[in-house]
Amino acid sequence: MKDFPVSKRSLVLPKPLNLIGSDFRPAASGAEMEVLSPLDGLAFTTIADSGPEDVDAAVAAARAAFDGGAWSKLSAAERGRLMLKLSALILEHAEDLAQLETADNGKPIVQARADMQVTARYFEFYGGAADKVHGEIIPFQPGYNVEVQREPHGVTGHIIPWNYPAQMFGRSVAPALAMGNATVLKPAEDACLTALRIGELAVEAGFPPGALNIVTGRGEIAGKALSEHRGIDFISFTGSPEVGVMIQTAAARNFIGCTLELGGKSPQILFEDADVEAAIPVVVKALIQNGGQTCSAGSRALVHRSLWDRVVAELKTIFEGIEASASDEAAVLGPLISAKQKRRVEGYIADADAPLIARGGIAAEAPESGYYVAPAIFGPCAPEARIAQEEVFGPVLAMIPFDDEAEAIRIANGTDYGLVAAVWTRDGARQQRVAKALRCGQVFINGYGAGGGVELPFGGIRKSGHGREKGFAALLEFSHIKTVVNNHG
């Protein structure tokens with residue numbers, strides 16, 4: 001675009017180019033897409049609208065880097081040092097990156113700043129871990145020496161969503177690089193500017209050509225081409241269950257593995273002895289953060305009947321005081337990502353099969369052309385109600401009463417998802433019983449979330465996907481085992 005809106009003219013914008021090898025180049029077709037800011041719905045820059053030929057070039061560059069290129073010749077310690085350099089550059093440019101993320105994604109600037117700290121931490125954590133993935137020796141028969149080695153897959157594909165563009169870059173790509181894979185990243189077309197900017201910083205940090213490649217474009221074209229590409233050896237995807245099925249099908253056809261993180265309908269369970277004063281602000285933040293557009297959003301509140309009136313009253317007061325607004329230092333709830341997502345969430349609210357408890361508002365100064373939705377609480381919801389079963393991906397909370405521990409567990413486990421849950425109780429034995437009984441990948445006791453939780457393995461079961469990201473577990477996902485049996489007589 002030639003003329004940016006006044007509010008965005010000071011942004012440090014990446015060029016509308018793909019990163020392939022060590023070159024920044026336009027889409028082979030020359031096509032570009034407009035980038036709309038959720039803050040006002042206006043176009044303020046463009047990105048490359050790439051096709052299969054661009055994905056082919058990126059995969060070829062990654063393959064050259066892995067098969068004998070400069071990247072393949074680095075030691076694990078040297079890879080780690082490059083990642084630490086990139087982490088430092090992200091911190092150095094954190095404010096510019098945060099402003100870019102807010103313009104591109106719409107999230108409040110305070111949340112965007114926190115995201116940049118977490119993104120840098122991913123490269124710091126995995127940079128430090130790169131040379132700490134060790135093999136093992138297996139005692140075997142006399143005359144044999146058996147080694148179990150961890151090796152990179154080769155070329156890995158990464159398709160990340162629009163809700164946490166910078167964080168997801170670090171979460172998906174950093175462990176793959178740490179293990180020595182060469183990577184091809186396809187960020188979501190709705191929000192990919194920080195990923196492109198971090199790609200520029202990676203080149204500045206000295207990453208060899210082809211270690212990191214970034215191709216922008218539409219999911220149904222560039223994303224499909226990457227997921228189906230016969231030149232990749234493993235793929236990581238975060239997004240909707242529907243697209244996850246297509247990703248897994250494509251991986252199966254190519255006989256490669258995949259990690260899928262596909263969302264959730266995560267419960268916060270408040271038992272009769274819960275510390276309500278501590279729980280309430282956490283319940284609110286776990287739902288409101290990022291406009292509810294978080295796979296692990298605490299979108300169901302299961303409340304013991306003895307606490308129901310108190311919890312409902314306190315949440316009602318808080319929600320009625322929350323306004324969706326254009327991002328400034330005080331904003332806690334920004335717009336949703338797109339007009340399409342706004343219509344989707346408003347549809348859930350309009351058709352909710354439960355009583356409305358409370359609604360917030362939209363700030364008067366919020367541009368009418370932006371994608372703002374007032375937050376809402378519904379309840380009491382039947383556990384099987386659509387609003388309590390489906391992932392809304394917006395600032396909508398479903399509240400469900402329960403009478404005893406068994407019922408709480410049954411309701412919590414009663415969706416197709418299994419990502420995160422929280423247990424609020426002072427009873428230590430109950431904490432352990434319920435945590436064990438919950439069918440999900442991550443359980444918090446008397447809390448929710450962990451400030452990014454870079455060190456903590458994360459992922460789900462059932463419709464929430466499979467495989468684990470974050471922590472040391474991600475390094476294992478991005479590697480395979482080779483067993484070497486030496487018969488030395």
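User: Is Phe393 buried or exposed?
Analyst: In this predicted model, Phe393 has a relative accessible area of 15%. Under 20% counts as buried, over 50% as exposed and anything in between as partly exposed (1.4 Å probe, protein chains only). Phe393 is therefore buried.

User: At what pLDDT do side-chain atom pairs count in this model?
Analyst: Residues are numbered from 1 along each chain as its sequence is written, and side-chain values use heavy atoms, with hydrogens and water left out. The model is predicted: totals for chains, interfaces and linings use all residues, local features need pLDDT of at least 70, and side-chain atom pairs count only at pLDDT 80 or more.

User: How many aromatic pairs are there?
Analyst: Rings of Phe, Tyr and Trp (its six-membered ring) pair if their centres lie within 6.5 Å; planes under 30 degrees apart are stacked, over 60 edge-to-face, and the rest tilted. By this rule the count is eight.

User: How far apart in sequence are the parts that Trp162 and Phe393 tie together?
Analyst: Trp162 and Phe393 form an edge-to-face pair, 5.6 Å centre to centre with 80° between the planes. Trp162 lies in the loop between β7 (155–159) and α5 (165–178), and Phe393 in the loop between α12 and β18. Helices (H or I, at least four residues) and strands (E, at least two) are DSSP runs, numbered from the N terminus. The pair therefore links parts whose separation in sequence, in residues, is 231.

User: What is the geometry of the pair formed by Phe444 and Tyr448?
Analyst: Both Phe444 and Tyr448 are buried. Their rings are 5.8 Å apart centre to centre, with 45° between the planes, and the pair is tilted.

User: Which residue forms a side-chain polar contact of 2.8 Å with Glu261?
Analyst: UniProt, in an unreviewed entry, lists Glu261 for "active site"; such annotations may be inferred rather than shown by experiment. Glu261 is in strand β11 (residues 257–261) and is buried, with a relative accessible area of 2%. A polar contact is a pair of N or O atoms within 3.5 Å; within protein, one must be able to donate a hydrogen and the other to accept it, and residues adjacent in sequence count only if both atoms are side-chain atoms. The side chain that makes this contact with Glu261 is that of Arg171.

User: Which residue has its backbone oxygen 2.7 Å from a polar atom of the Arg426 side chain?
Analyst: Arg426 is in the loop between β19 (420–424) and α14 (428–437) and is exposed, with a relative accessible area of 56%. Beyond four places in sequence, Arg426 is in contact (heavy atoms within 4.5 Å) with Asp273, Ala274, Asp275 and Gln431. The backbone oxygen at 2.7 Å belongs to Asp273.

User: Which residues are exposed on the other side of α11?
Analyst: Helix α11 (residues 339–350) buries Gln341, Val345, Tyr348 and Ile349. These cover an arc of only 100° around the axis, so they are on the same side of α11; the arc is that of the directions from the helix axis to the C-beta atoms. What covers them includes β15 (356–359) and β17 (376–378). The exposed residues on the other side are Lys340, Arg343 and Ala350.

User: How far apart are the end C-alpha atoms of α9?
Analyst: The expected span of a helix is 1.5 Å times one less than its number of residues. For the 13 residues of α9 (residues 276–288) that gives 18 Å, which agrees with the distance between its end C-alpha atoms, 18 Å.
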